[in-house]
Amino acid sequence: MTTTLNRPAAGKAATKPAVTFRQRLSVFDLKVSPYLYIAPFFILFALVGLFPLGYTFFVSLFDWHLLRGQGEFVGLQNFQEVFQDRFFWNSLFNTMSIFLLSTIPQLVVAISIAAVLDQNLRARTFWRMSILLPYVVTPVAVAMIFANMFGEQYGLINNILASFGVDPIMWKNETLPSHIAIATMVNWRWTGYNALILLAAMQAVPRDIYESAAIDGAGPFRRFFSITLPSIRPTMIFVVITATIGGLQIFTEPRLFDPRTAGGTAKQFQTTVLYLWEMAFQRQNFGKAATIAWILFLIIVLFGVINWLISRRIATSGDDRGGNRRARRRKRPVAPAAVLPAVGAQPPAPSADTAGEPLAGPTTRSGR
Amino acid sequence: MEYSRLRKITALASVASLAFVASGCGGGNGEPASADNPVALTVTTFGQFGYDDLYAEYEDQNPGVTIEATNIDGSANARTDAFTKLAAGSGLSDVVAVEEGWLGSIMEVSDQFVDLNEYGAADIKDNWVDWKFEQGTDPEGRVIGYGTDIGPQALCFNRTLFEEAGLPTDREEVAELFGGDEATWETYFDLGRQYHEDTGKAWYDQSSFVWNSMVNQMEEGYYTADGELNVEGNEAMRAQFDLLASGTLDGLSANQTQFDWGNGQAFVDGSFAVHVCPAWMLGTIKEQLESAGGGPESGWDVADVFPGGASNWGGAFLSVPQSSEHPVEAAKLAAWLTAPEQQVKQSAAANNFPSTLEAQAEIVEAAVPNELFNDAPYGAIFESRAEGVVAQFKGPYDSVIQENVFAPAVKLLDTGEGTADEAWEEALTLLNDQVVNN
């Protein structure tokens with residue numbers, strides 16, 4: 001009896017194809033593994049990115065004392081109070097001012113250095129390594145040395161100025177000089193680094209374009225502005241974005257420029273992050289500090305979006321032009337060298353000689 | 001052969017370390033430290049503490065104890081360090097040095113610190129000058145800090161500069177010049193004006209230190225004894241502020257950066273002739289002189305006089321946080337470091353003035369001259385300056401008011417950017433921004 005009762009069940013099992021462990025494993029591998037592979041990033045991001053962000057927002061809704069801890073729920077009152085605080089706007093102004101004073105000269109100088117290093121220099125590696133040297137020095141050491149140099153009464157710079165009969169500059173007590181001093185530190189540290197990145201981009205520009213341009217009579221400046229700069233545009237955007245994020249978060253330099261205060265006696269160079277720090281660890285108001293952190297986060301997001309929009313515009317317009325060029329070339333394959341880069345990129349064709357530029361073809365070829 | 005032996009050793013080592021972890025790294029179980037039960041104690045101090053030799057001595061006397069010391073450059077950074085770690089709920093050393101200026105904040109969370117009464121504080125209570133011991137006791141009567149040093153204030157002056165200006169140079173005559181026991185701030189500023197007129201030089205380094213001294217001297221400072229803010233409408237304080245403002249605006253301040261002084265340059269180049277000197281300032285000046293290549297020949301001396309009477313500025317405490325894993329050993333170390341015998345040694349090493357009566361008496365008696373300050377008998381001078389000091393109530397934001405409210409306000413006077421009224425208004429605004437409506 002028992003056997004007859006059992007038989008159908010056994011038969012059923014036999015008709016269904018048995019799923020082996022191996023098969024199940026491969027299904028699992030197919031369906032789940034990809035998620036596991038990307039999981040570390042998301043878990044880490046949730047842990048050290050998303051959670052702190054959310055928790056900071058939570059803290060910002062409370063009266064939260066550094067030492068006494070969580071207090072009353074106050075809603076958005078902290079945000080309202082921070083927006084009314086004159087030192088918040090002061091810090092924002094200082095941040096923007098230092099950011100502009102550091103980013104613009106830095107990019108100009110970095111591009112010039114990169115352009116020089118892009119030439120055929122003797123001991124190339126030596127020059128390239130030496131411009132990176134400031135980047136290797138820790139920011140704390142940089143800040144201490146520069147703070148010393150920019151001392152008002154005993155600093156090197158004011159001493160030199162004095163020997164020329166110039167009045168000492170109040171590097172720490174006046175707003176603009178203090179911003180220039182701090183921007184100098186930032187520039188000193190980051191110019192070489194950015195120059196190397198831009199140099200790498202410049203080296204990726206095909207050399208024959210320059211040759212063709214030179215043959216067409218473009219001088220070094222024309223070549224630089226019409227070939228080099230447009231070609232390294234994506235890298236420039238990258239450099240600008242990283243400089244923006246770094247510039248908005250500047251802390252070490254102003255903090256150590258006058259280590260006794262949180263950004264100058266009258267907050268002449270208190271940046272937003274320094275204001276946040278003062279709020280948390282001197283004024284001991286953790287709720288407001290969290291609020292500032294969130295506002296700063298939103299500002300950086302805003303800047304990120306602006307950057308993204310601008311860069312997308314630049315990138316697509318660049319592509320369009322390239323596309324048009326290609327289209328034009330396709331339409332008129334034997335056209336005279338109307339567009340410089342196109343000539344170099346084209347396979348050497350006998351038509352180049354007939355197009356009225358007898359030298360272009362042969363030189364390009366022999367140059368290779 | 002070689003390989004398998006190595007593996008055996010590795011296995012043994014891992015078993016041993018597991019056992020070590022299982023036993024709670026030793027010491028945590030309340031047993032006293034010994035060679036078999038080693039304990040590593042961490043200590044955080046700031047500025048000039050002079051403990052290095054004492055650590056070594058303690059380690060010799062107590063086998064099994066190792067001390068890992070950290071010294072932070074100044075009190076303000078030590079405050080940030082301690083607050084950050086208190087807020088984080090971990091990371092504080094087993095023994096933490098707390099400055100008088102931010103003791104008020106610490107008192108708000110005094111339950112985060114071990115009650116030293118549980119480790120015999122009552123038995124050694126009488127070691128200290130009474131007000132120092134009281135300062136370290138919270139409103140519930142828990143003792144959370146043993147006093148290390150106190151900061152009775154004397155007046156430092158530069159002999160060379162005084163001589164050039166035709167002023168007396170003998171420290172007793174200088175004390176008389178300022179008015180001896182009757183010395184007032186008015187005399188101090190008037191002498192300064194005379195000096196400035198004769199030499200064209202500044203009288204003091206910057207206004208903030210003078211201001212701290214004036215406030216510390218009052219019976220009630222930034223807070224009343226009941227813990228209420230005591231700045232707005234405080235006429236006595238405003239009168240002192242005006243006194244300082246008129247002196248500073250007359251050019252008596254050298255507008256130096258405090259605790260920087262051009263890396264000590266200002267102490268050797270004759271920038272200013274007098275300096276307010278709480279006992280621990282001698283250690284600070286010593287460090288500055290060393291940094292600038294100065295020495296006894298730089299001409300600094302210290303006189304047994306202080307404008308406006310007795311004043312105490314600063315002084316520290318050693319506390320044991322609740323987060324310490326070895327509270328017994330930590331409390332023992334704190335008690336030992338602050339015992340009279342060790343305070344005498346600390347005083348010699350750090351040039352500060354002890355807070356225990358026995359140590360004070362010993363220093364006065366030993367009368368070791370301070371070479372850097374023209375062989376001044378600093379023990380006797382500061383013992384005399386400590387007479388009549390009353391402990392002022394320090395509120396939770398005392399150090400913030402000192403450094404973030406009044407320091408920027410008097411800086412306006414130093415740079416000549418503001419009048420007395422403007423500077424006072426700025427102080428009130430800053431106070432409202434940063435403390436009242438914080």
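In chain B of this predicted model, strand β3 (residues 95-99) runs antiparallel to strand β9 (residues 316-319), and four bridges join the pair. To find one of the contacts on screen, pick B:V98 and look across to β9(B), where B:F317 is its bridge partner.

Chain B has another strand pair to look at. Strand β6 (residues 153-158) and β8 (residues 300-303) of chain B pair in the antiparallel sense, again over four bridges. Here B:C156 sits opposite B:V302 of β8(B). As for β8(B) itself, are its faces covered or open? Both are covered: B:W300 and B:V302 on one side are buried, and so are B:D301 and B:A303 on the other. As a general rule, side chains in a regular strand alternate between the two faces of the sheet.

Next, the nonpolar cores. Nonpolar side chains tend to be buried together in soluble globular proteins. The largest core here has 80 residues, and the members that touch the most others are A:L276, B:V95 and B:A334. Take A:L276: setting aside neighbours within four places in sequence, its contacts are A:A289, A:I292, A:A293 and A:L296. A separate core of 78 residues lies apart from that one, with B:A175, B:A183, B:Y204 and B:A376 among its members.

So where do the two chains touch? Between them, 22 residues of chain B are in contact with 16 residues of chain A. On the chain B side, α3 (75-88), α4 (100-108), α18 (398-414) and α19 (420-436) each supply at least two residues, and α3(B) gives the largest share, six residues. By type, that side of chain B divides into nine nonpolar, 10 polar and three charged residues.

One last stop, in chain A: A:S112 is found in helix α5 (residues 86-117). This serine counts as partly exposed because it has 14 C-beta neighbours inside 10 Å. A:S112 and A:L199 are 87 residues apart in sequence, yet 9.8 Å apart in space, C-alpha to C-alpha.

Definitions and conventions. Residues numbered from 1 in each chain as written. Chains lettered and ligands numbered in written order. Predicted model: local features only at pLDDT ≥ 70, side-chain atom pairs only at ≥ 80, totals over all residues. Pairing = 2+ DSSP bridges. Contact = placed C-beta atoms within 7 Å. Nonpolar A, V, L, I, M, F, W, Y, C, P; charged D, E, K, R; others polar. Core = buried A, V, L, I, M, F, W, Y, C linked by C-beta atoms within 7 Å. Buried ≥ 20, exposed ≤ 12 C-beta atoms within 10 Å, placed from the backbone.
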